[in-house]
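I am starting a notebook on a structure that is new to me.

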Amino acid sequence: RIHFEQADLFPSTVQQFDVIVSNPPYISNRVYKQLQAEVRDWEPELALLAGKDGLDVYRRIQADLDTWLQPGGWFIGEIGFDQAMAIDELFREQTWCASVDIAQDLSGHPRMVVVRKSS
């Protein structure tokens with residue numbers, strides 16, 4: 001059975017999920033200025049920008065993720081090409097975190113974080 005929720009990070013209902021997939025804003029202010037025009041000019045800033053280092057939304061996710069993931073559950077999120085080390089450190093410091101992996105895109109660039117909660 002699959003149940004989908006759409007929310008601003010986490011739903012208002014009190015339940016836990018086996019898998020949470022997210023494409024949150026992760027672009028830093030510096031990288032935003034260098035984005036391709038077709039992205040920068042057509043995507044809303046709200047969907048792209050996440051503070052000085054691009055990690056503001058990921059800090060919000062990390063702070064609440066334990067509440068929303070079932071034991072043994074997974075979080076998968078898209079990340080910026082230059083954020084792998086910072087994202088890895090952000091999640092590894094959590095006691096509830098069983099594993100953190102960074103997955104590459106088809107071009108070999110780090111583009112996803114895969115986090116598993118301890119059982």
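Which residues does Glu5 touch, not counting residues up to four places away in sequence? I looked this up and found Pro11, Thr13, Gln15 and Phe17. I note that this is a predicted model.

**Entry: Glu5 and its place**

I placed Glu5 in the segment before β1. Is Glu5 buried or exposed, or in between? Its relative accessibility is 37%, so I put Glu5 down as partly exposed. I also checked Glu5 against Ile20, which is 15 residues apart from it along the chain. Their C-alpha atoms are separated by 9.5 Å.

**Entry: the sheet**

I then turned to the strands. In what order do the four strands of the open sheet lie? I read the order as β1-β2-β4-β3, and the pairing is mixed. β1 and β3 are the edge strands, since each pairs on one side only. From one strand to the next, the twist averages 10°.

I went through two of the pairings. β1 and β2 are parallel, and I found five bridges between them. Here Ser22 has Gly77 of β2 as its bridge partner, and Val21 stands opposite Ile76 in β2. β2 and β4 run antiparallel and are also joined by five bridges. On that side, Ile76 has Val114 in β4 as its bridge partner.

**Entry: the nonpolar core**

I looked up the largest nonpolar core and found 28 residues in it. Which of them touch the most other members? They are Ile20, Tyr58, Ile61, Leu65, Phe75, Phe91 and Val113. The elements that each supply at least two residues include β1 (17-22), α1 (29-34), α4 (56-68) and β2 (69-78). α5 (84-92), β3 (97-104) and β4 (110-117) are also among them. The largest share, five residues, comes from α4. As general background, nonpolar side chains tend to be buried together in soluble globular proteins.

**Entry: aromatic rings**

How many aromatic pairs does the structure hold? I noted four. One of them is Phe10 with Trp68, a stacked pair with 5.7 Å centre to centre and 5° between the planes. Why does this pair tie together parts that are 58 residues apart in sequence? Phe10 lies in the segment before β1 and Trp68 lies in helix α4, so the pair links those two parts.

I checked the accessibility of both rings' residues. Phe10 counts as buried because its relative accessibility is 14%, under the 20% limit. Trp68 is buried too, with a relative accessible area of 13%.

Last, I looked at Tyr58, Phe75 and Phe91, which ring pairs link into a cluster. I had already met these three names among the core residues that touch the most other members.

Note on methods: Residues numbered from 1 in each chain as written. Predicted model: local features only at pLDDT ≥ 70, side-chain atom pairs only at ≥ 80, totals over all residues. Heavy atoms only, no water. Core = buried A, V, L, I, M, F, W, Y, C linked by side-chain atoms within 4.5 Å. Buried < 20%, exposed > 50% of the residue type's maximum accessible area, 1.4 Å probe, protein only. Pairing = 2+ DSSP bridges. Axes fitted to C-alpha atoms, helices over the stretch in contact; angles between N-to-C directions. Phe/Tyr/Trp six-rings, centres within 6.5 Å; stacked < 30°, edge-to-face > 60°. Contact = heavy atoms within 4.5 Å.
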